[in-house]
Amino acid sequence: MNPPLVDIGLNLAHDSFDHDRDHVVASARAAGVRHMAITGSTLESSRAAIDLARSAPGMFRATAGIHPHHAREFRDDDVPALRSLMLEA
């Protein structure tokens, strides 16, 4: 018997998955992935990750944060929004 797999860095909230998100999840499940942590890398993608996690809480969890690639876009006045998202994730 194989132990269940966990994907700890899924960028499923990215818009590049809009056309095949359900297929990606189904393929992962078929391969034995039972739990997935959906990564938020901007305020927008963190919100999307949280929404996805709420759609299947037994399978998904979400992170809220800012990826270094997006650090230049993050402003000081975004800190309260990020803190709020971190409490939701």
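These are my notebook entries on a predicted model of one protein chain.

**Ground rules.** I count residues from 1 along each chain as its sequence is written, and my side-chain values use heavy atoms, with hydrogens and water left out. As the model is predicted, local features need pLDDT of at least 70 and side-chain atom pairs count only at pLDDT 80 or more, while totals for chains, interfaces and linings use all residues.

**Overall layout.** I looked up the secondary structure and got three helices and three strands (DSSP runs numbered from the N terminus, helices being H or I with at least four residues, strands E with at least two). From the N terminus on, I read the order as β-α-β-α-β-α. I boxed the C-alpha atoms along the principal axes and got roughly 50 × 25 × 20 Å.

How much of the chain is buried? I noted 34% of the 89 residues, where buried means under 20% relative accessible area, exposed over 50% and partly exposed in between, with a 1.4 Å probe and protein chains only. Then I took contacts (heavy atoms within 4.5 Å) between residues at least 6 apart in sequence, and 62% of them join residues at least 24 apart.

**Charges.** I counted 9 positive and 12 negative side chains, with Lys and Arg as positive, Asp and Glu as negative, and His and the chain ends not counted. The centres of the two sets lie 6 Å apart, each charge being placed at NZ of Lys, CZ of Arg, CG of Asp or CD of Glu.

**Helix H2.** H2 covers residues 43–55, and I got 19 Å from its first C-alpha to its last, close to the 18 Å expected at 1.5 Å a residue (the expected span is 1.5 Å times one less than the number of residues). Its buried residues are Leu43, Ser45, Ser46, Ala49, Ile50, Leu52 and Ala53. Their cover includes H1, strand E2 (33–38), strand E3 (60–62) and helix H3 (79–88).

**Arginine 21.** Leaving out residues up to four places away in sequence, arginine 21 touches Leu12, Ala13, His14 and Leu52. A polar atom of its side chain lies 2.8 Å from the backbone oxygen of leucine 12. Its side chain also makes a polar contact of 2.8 Å with that of aspartate 18 (a pair of N or O atoms within 3.5 Å; within protein, one must be able to donate a hydrogen and the other to accept it, and residues adjacent in sequence count only if both atoms are side-chain atoms).

**Serine 16.** I placed serine 16 in the loop between strand E1 (5–10) and helix H1 (21–30). Serine 16 counts as partly exposed because its relative accessibility is 39%. Its side chain has a polar contact of 2.9 Å with the side chain of histidine 14.
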